[in-house]
Amino acid sequence: ALAAELGIKGMLVPNGAMARIGGGVPEIVEQVETGRLYLDGSILIGALDGVVRDRVKLALRGQVMASVVVDQRGDLAADPVVRLLGVPKDIDDATPDLTKVLERAIDRAFERAPARQRRSEEAVEALVATTCAQLCNRIIGRKPLVSVLIARVEVD
């Protein structure tokens with residue numbers, strides 16, 4: 001608007017672009033990546049690439065890592081193992097060890113789940129993740145990120 005009032009011809013709005021403005025009509029010559037960048041070790045990552053967002057989620061919500069060993073029938077071949085990161089472990093007298101409570105809940109969820117569900121990798125992951133997230137939400141008032149490791153074994 002100001003440029004037009006002053007009689008300047010060939011206006012550009014170079015939002016996120018590199019413009020050539022010398023000698024004649026201005027023109028866009030290249031697009032330029034804009035926004036925040038972070039140096040992560042030796043790698044530049046964009047603020048919206050997902051890595052930073054994932055780290056913020058981890059910082060705010062914490063993480064539950066659950067490992068289950070499942071046989072070909074879909075039964076647990078070993079006790080589930082849970083580890084917490086950024087999630088309180090000792091809650092109160094009723095819940096002195098959240099990891100043990102989560103491990104027992106996974107065990108019970110497997111007992112209730114139909115065999116067909118327990119034989120599917122995706123269904124086992126969803127079963128364990130949902131069990132852990134819902135129980136944590138009920139006990140500590142937030143849903144941590146849940147990572148599920150599944151090992152399949154064949155039992156004679």
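These questions and answers go through strands, salt bridges and surface patches in a predicted model.

Me: Which strand pairs with β1, and how do the two run?
Reply: Four bridges join β1 to its partner. The two strands run antiparallel. The partner covers residues 27–31 and is strand β2.

Me: Which residue in the turn of the β1 and β2 hairpin has a positive phi?
Reply: β1 and β2 form a hairpin. Six residues lie between the two strands. The one in the turn with a positive phi, about 65°, is Gly-23.

Me: Which residue stands opposite Arg-20, and how far apart are the closest N and O atoms of their salt bridge?
Reply: Arg-20 faces Glu-27 in β2. Side chains of opposite charge can pair when their charged atoms come close. Here Arg-20 and Glu-27 form a salt bridge, with the closest N and O atoms at 3.0 Å.

Me: Are Arg-20 and Glu-27 buried, partly exposed or exposed?
Reply: Buried means under 20% relative accessible area and exposed means over 50%. Arg-20 has 45% relative accessibility. Glu-27 has a relative accessible area of 39%. Both values fall in between, so Arg-20 and Glu-27 count as partly exposed.

Me: How far apart in space are Ala-19 and Arg-104?
Reply: Ala-19 sits in strand β1. Its relative accessibility is 28%, so Ala-19 counts as partly exposed. Ala-19 and Arg-104 are 85 residues apart in sequence. From C-alpha to C-alpha, the distance between Ala-19 and Arg-104 is 63 Å.

Me: Where is Ser-42, and how far is Ser-42 from Arg-116 in space?
Reply: Ser-42 lies in the loop between β3 (37–40) and β4 (43–46). At 74% relative accessibility, Ser-42 counts as exposed. Ser-42 and Arg-116 are 74 residues apart in sequence. Their C-alpha atoms are separated by 45 Å.

Me: Which strand runs antiparallel to β5, and which runs parallel to β5?
Reply: Five bridges join β5 (residues 63–71) to an antiparallel strand, β6 (residues 81–85). In that pairing, Gln-63 stands opposite Leu-85.

Me: How many salt bridges does the model hold, and which residues are linked in a network?
Reply: The count comes to seven salt bridges. Some are joined in a network. The linked residues are Asp-71, Arg-73, Asp-75 and Arg-118.

Me: How many residues apart in sequence are the parts that Arg-118 and Asp-75 tie together?
Reply: The side chains of Arg-118 and Asp-75 meet in a salt bridge at 3.0 Å, N to O. Arg-118 lies in helix α4 (residues 115–118), and Asp-75 in the loop between β5 and β6. So the pair ties together parts whose separation in sequence is 43 residues.

Me: Which helix and strand does the salt bridge of Arg-152 and Glu-121 tie together?
Reply: The closest N and O atoms of Arg-152 and Glu-121 are 2.6 Å apart. Arg-152 counts as partly exposed at 32% relative accessibility, and Glu-121 does at 35%. The tied parts are 31 residues apart in sequence. Glu-121 lies in helix α5 and Arg-152 in strand β7.

Me: Which residues form the positive surface patch, and where is Lys-143?
Reply: Lys-143 is partly exposed, with a relative accessible area of 41%. The patch is formed by Arg-53, Lys-57, Arg-61 and Lys-143. Lys-143 is placed in the loop between α5 (121–140) and β7 (145–153).

Me: How much accessible area does the nonpolar surface patch have together?
Reply: Leu-2, Leu-6, Ile-8 and Met-11 form this patch. Ile-8 lies in the loop between α1 (2–5) and β1 (17–20). At 48% relative accessibility, Ile-8 counts as partly exposed. Together, the patch residues have an accessible area of about 440 Å².

Methods: Residues are numbered from 1 along each chain as its sequence is written. This is a predicted model: local features need pLDDT of at least 70, side-chain atom pairs count only at pLDDT 80 or more; totals for chains, interfaces and linings use all residues. Side-chain values use heavy atoms; hydrogens and water are left out. Patches are made of residues with over 30% relative accessible area and no salt bridge: like charges are joined within 9 Å, nonpolar side chains (Val, Leu, Ile, Met, Phe, Trp, Tyr) within 5 Å. Accessible areas come from the Shrake-Rupley method with a 1.4 Å probe; for residues, only the protein chains shown count as cover. A salt bridge is a side-chain nitrogen of Lys or Arg within 4 Å of a carboxyl oxygen of Asp or Glu. Lys and Arg count as positive and Asp and Glu as negative; His and the chain ends are not counted. The place of a charge is taken as NZ of Lys, CZ of Arg, CG of Asp or CD of Glu. Buried means under 20% relative accessible area, exposed over 50%, partly exposed in between (1.4 Å probe, protein chains only). Two strands pair if DSSP finds at least two bridges between them.
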